[in-house]
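Keep the structure in view as you read.

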Amino acid sequence: MKKYITTPIYYINGAPHVGHAFTTILGDVLKKFEQMRGNDVFYTTGTDEHGQKNQSSCQECGMAVQDFIDMRSGNFQKLFDAMKIDYDFFVHTSSQQHKNVVKDALDYIYKKGLIKKKSYEGLYCEGCEQFKKPSDLDEHGNCPDHQKAPKLITEENYFFPLEQDRQWLIDYINTHPDWIKPKRFAKEVLGMLAEPLDDLCISRPKSRVWLGVDLPFDDDFVTYIWFDALINYISSIGWKSQGDNAAFNETWAHCTHLLAKDILKTHAVYWPIMLKALGIEPPEHLIVHGYWLGEGGIKMSKSLGNVVDPYEVMDLMGIDPLRFYLCNAMSLSGDAQISIDLLKQGYKQLANNIGNLQMRVLKMIAKNLDGKVPSAAHLEAEDKALLENVANTFERIYKYGEPSLELVNELSAEILKAGDAVNAYFATQAPWVLAKDESKRERYEAVIYTTLDALRLIAVAVYPFMPSIAKKILVSLGQNDEIKAEFKPVVLKEGTQTIVGDPLFPFIA
Ligand SMILES: [Zn+2]
């Protein structure tokens, strides 16, 4: 099956932070999970290079527009490349290809008579680049996201009405209970749909904003940033209003958008109604996540010194443990916490769990068995039960799991549980004692075999989170590093040469 996974395209007016890193890592983890199940995946990420905020940042820098865009967008691409993200396409909204699709889509909707021009007086927040209703503001009359009072402005603009599709969208959500995951966000969207929807202003006068896509039917205006940005999900896979969309349709049929909760309304209200106007089905799934806060649930800020810099983390422990931490710690019910200390705790857990197990068993057989995998001929019931438990758990998740935060939470937790179970088995069986008694040779070999084969299963399961750690373990077990979601126990062959390599998780202070 062909699957399509997207991250939001990130605003280049700021620097990439751990929140961007998480969403993009999550997409990469889900891509690897799907590939292991034999699915084809097209994975996109990218940058949103238009709009008033980028325009202001560009003017402050005093740079030529394209140089500014290349520099700021490059910061995101550089981070994602440093994190070894396996994206298939990096979106630039300033690319001609994307702009052409935005114009095509607008033109199509305009010709259907779904766009109207009117004069509008409203409270405009520059930070949000949106008009605000008085009910959106806090008790001081400020935008709650920007702590600034919006400006009252009157201007002519083009509008895309949404209200006519409100009931359709409510029905869609009610008949597609797993459209928005986790479910609590579907409830939030239904709340947004409880009241009539205002027309969406889809233009900005060029006198105010020039960094954008010209409206195809009025070049005094550029396209509202969200109308432009959301189109990336269809421009990346070649949608066009006329002609053959067979390839597009095949890819779009199984599309999952990943997003943080602050952009839920744009993705779950505006976007499906825009798609409907274009004659396109809603994306198959939206996966919505909370924010990353500092330790203790405090918002990260430079002044508090609790900002987690992805580069600093990678320098300290490499990318794999960061990937594992983020997927394991993201909360389903709210926001999650991150700090260098929490990351170090997560790292030590991995080192004590998977890292120790691998090093102890490999060192032991290097000493007693010339580093060769022993026979599985004398496995006892408890050995087989351990292997079957581990194998069945992973088999079930890989067979039936659907991409979601629940999935990455559960899988990462089960990997740690399996590691704990094998460590406990190893400690109870005490193979270092068995090794000293020639009459217990068969038992010794069975315990070693069981431990090695369990480690192999864990290595396969952990691949989406920690691809290079997974491959290192498999290579140390004398396996090739081709990874498939196959979880049969008792696969290691007797006599296979194992290798004691460097520690998987070297000591960090
Ligand atoms: Zn605002």
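The site of the zinc ion is tetrahedral, with angles of 102 to 116 degrees among its 4 donor atoms. Four donors count as tetrahedral if all angles lie between 85 and 135 degrees. The model is predicted: local features need pLDDT of at least 70, side-chain atom pairs count only at pLDDT 80 or more, and totals for chains, interfaces and linings use all residues. Residues are numbered from 1 along each chain as its sequence is written, and side-chain values use heavy atoms, with hydrogens and water left out.

**Zinc site**
- Cys125 (SG), Cys128 (SG), Cys143 (SG) and His146 (ND1) coordinate the zinc ion at 2.1 to 2.3 Å.
- Donors are N, O and S atoms within 2.8 Å of the metal (3.2 Å for Na, K and Ca).
- The donor residues follow the spacing C-x2-C-x14-C-x2-H in sequence.
- Cys125 lies in strand β4 (residues 116–125) and His146 in the loop between β5 (130–132) and β6 (151–160), so the pair ties together parts that are 21 residues apart in sequence.
- Strands are DSSP runs (E, at least two residues), numbered from the N terminus.

- Cys125 is buried, at 3% relative accessible area.
- His146 is partly exposed, at 33%.
- Buried means under 20%, exposed over 50%, and partly exposed in between (1.4 Å probe, protein chains only).

**Sheet**
- An open, antiparallel sheet has 3 strands in the order β9-β11-β10.
- β9 (203–205) and β10 (214–215) are at the edges with a single partner strand each, so one side of each has no neighbour in the sheet.
- β10 pairs with β11 (residues 218–223) over 2 bridges; strands pair if DSSP finds at least two bridges between them.
- Leu215 has Asp218 in β11 as its bridge partner.

Definitions and conventions:
Helix = DSSP H or I, 4+ residues; strand = E, 2+ residues; numbered from the N terminus. Tetrahedral: all angles 85-135°; square planar, octahedral: opposite > 155°, others 65-115°.
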